[in-house]
Amino acid sequence: MSEGAPSPWTPDSWKSKPIKQDVIYDDASELETVLSRVTNMPPLVSSPEIDRLREQLKDVAEGRAFLLQGGDCAESFDYCNPQAIEDKLKILLQMSLVLVWGMRMPVVRIARMAGQYAKPRSSAYEKTSDGKTILSYRGDNVNGIDPENRKPDPQRLLAAYFHSAATVNYVRLLLAGGFADLHRPEAWDLGHVRNTDIRKEYQTIVNRLTDSLGFMGTIGATEDKATALNTVDLYMSHEALLLDYEQALTRSVAKPLPTNRAKCSATYEPSTPPRDTLAPELCDWYNLSAHFIWIGDRTRQLNGAHIEYFRGVKNPIGVKVGPTMEAEELVRVLDILDPLLESGRVTLITRYGADKIAQYLPAHIAAVQKTQHKPVWCCDPCHGNTTTAPSGHKTRSFEAIVSEITSNITIHLELGSRLSGVHLELTGEHVTECTGGSQELSHSDLPTNYQTFCDPRLNYEQSLDIAFTIAKVFEY
Ligand code: PEP
Ligand code: MN
């Protein structure tokens with residue numbers, strides 16, 4: 001659309017735009033039946049929780065807090081088990097504590113979890129080892145990883161809803177039950193750190209952290225909002241790729257004025273014209289499948305369906321920004337998604353690659369600085385640094401990941417800007433998918449415990465290494 005007033009937004013206005021990474025189902029009526037069931041399901045998160053995250057991301061954008069976002073590339077339904085969820089929570093909490101200490105500011109934690117099922121793919125097809133061409137795996141909410149099971153199945157959308165619900169529920173009860181106390185650093189085992197100098201450095205940080213926590217406990221400061229050590233917020237996020245599903249969990253919510261409640265329908269019925277009947281000025285649309293959703297690097301076309309959908313929801317949103325994003329295009333993306341110029345409304349998740357960041361990030365920062373937008377600048381050091389090991393495993397090197405983060409910090413500083421967060425593909429488990437880090441994993445170690453269905457993740461130790469590394473960079 002040309003400049004001027006934007007066309008009216010509705011939860012399904014995205015359908016009139018070109019859709020990238022669309023899924024074609026054989027049975028359209030089965031899809032409709034599933035979507036109407038999801039539309040009638042209760043929400044997975046609440047609008048006040050989303051509003052709270054919006055406030056916190058404003059703090060991040062304005063330099064008063066730091067963002068840590070992390071989790072699997074692709075969640076599998078099998079990861080919905082107590083151990084995997086506890087492991088993920090544990091690493092995110094431990095990393096955040098190291099970062100709170102290193103940055104001397106609160107850390108906002110967002111997990112790629114409880115809905116990170118759909119995957120964009122560079123090709124719709126892949127070849128099997130015996131030369132057959134089959135549909136690519138698109139994530140557990142579309143088809144199965146098993147080559148025999150690649151036909152898109154609408155019932156998987158319902159399964160995704162229930163797996164997300166069970167995951168969110170378990171996270172909530174762990175946090176409510178005091179699981180956050182696990183982030184007490186004196187219990188951390190640093191035995192995996194092979195290099196004795198690095199181990200000593202980590203131990204020094206852990207000792208200082210333990211001392212600080214002990215001191216704050218002694219003076220009764222642990223109830224303080226800024227430190228919030230005994231209870232923590234952990235928000236849920238995913239790439240909102242399958243817009244039919246996202247629309248089914250997009251709900252109209254009365255603005256928080258008591259008199260509004262009665263005038264606003266609680267749910268959106270696709271069969272009824274929404275805005276006409278809902279006193280639009282009294283309501284906001286929220287995606288209640290997650291607190292934070294993001295648009296992938298492959299689906300962020302200015303005139304595309306995803307940008308159209310995202311502009312209408314109140315949730316804070318992310319946009320992946322890779323080397324193919326033009327600087328003027330980035331400004332247009334912000335104009336569309338952040339017309340009210342709200343700090344932290346948009347998180348720009350940049351992912352160029354360690355060898356490309358110096359070529360692209362400065363122009364992106366400079367273009368945004370000329371506007372009144374105040375996005376969160378977040379570094380995804382994973383997606384531009386994926387390589388293939390001689391064994392054929394998709395991998396990433398810890399050194400390249402750290403290099404993209406440190407270049408990112410420096411480039412922002414040089415331009416009078418500030419890196420305010422990191423977005424990482426990680427797991428709390430002891431997998432061998434990325435090389436390097438304090439365990440010094442090499443290409444020949446990859447087959448030992450390579451589990452990912454999609455991109456390689458930092459393991460527990462490497463994730464903690466990243467947190468220590470960032471804390472050190474910011475400390476000095
Ligand atoms: C992802 O985050 O898993 C992903 C596909 O990233 P990008 O859109 O940046 O390629
Ligand atoms: Mn990925």
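In which loop is R104 found? R104 lies in the loop between α3 and β2 (107-112), where helices (H or I, at least four residues) and strands (E, at least two) are DSSP runs numbered from the N terminus.

## Model and numbering

This is a predicted model, in which local features need pLDDT of at least 70, side-chain atom pairs count only at pLDDT 80 or more, and totals for chains, interfaces and linings use all residues. Residues are numbered from 1 along each chain as its sequence is written, while chains are lettered from A and ligands numbered from 1 in the order in which they are written.

## Positive phi in loops

Most residues other than glycine have a negative phi. R104, not a glycine, has a positive phi of about 60 degrees. R104 is exposed, with 12 other C-beta atoms within 10 Å; a residue counts as exposed at 12 or fewer such atoms, buried at 20 or more and partly exposed in between, with C-beta atoms placed from the backbone.

L341 also has a positive phi, near 55 degrees. Its loop runs between α9 (327-337) and β10 (346-350).

## Helix α11

The 17 residues of α11 (residues 398-414) should span 24 Å at 1.5 Å a residue, the expected span being 1.5 Å times one less than the number of residues. The end C-alpha atoms are 24 Å apart, which agrees. Buried residues of α11 include F398, I401 and I405. After α11 comes G416, with a positive phi near 70 degrees.
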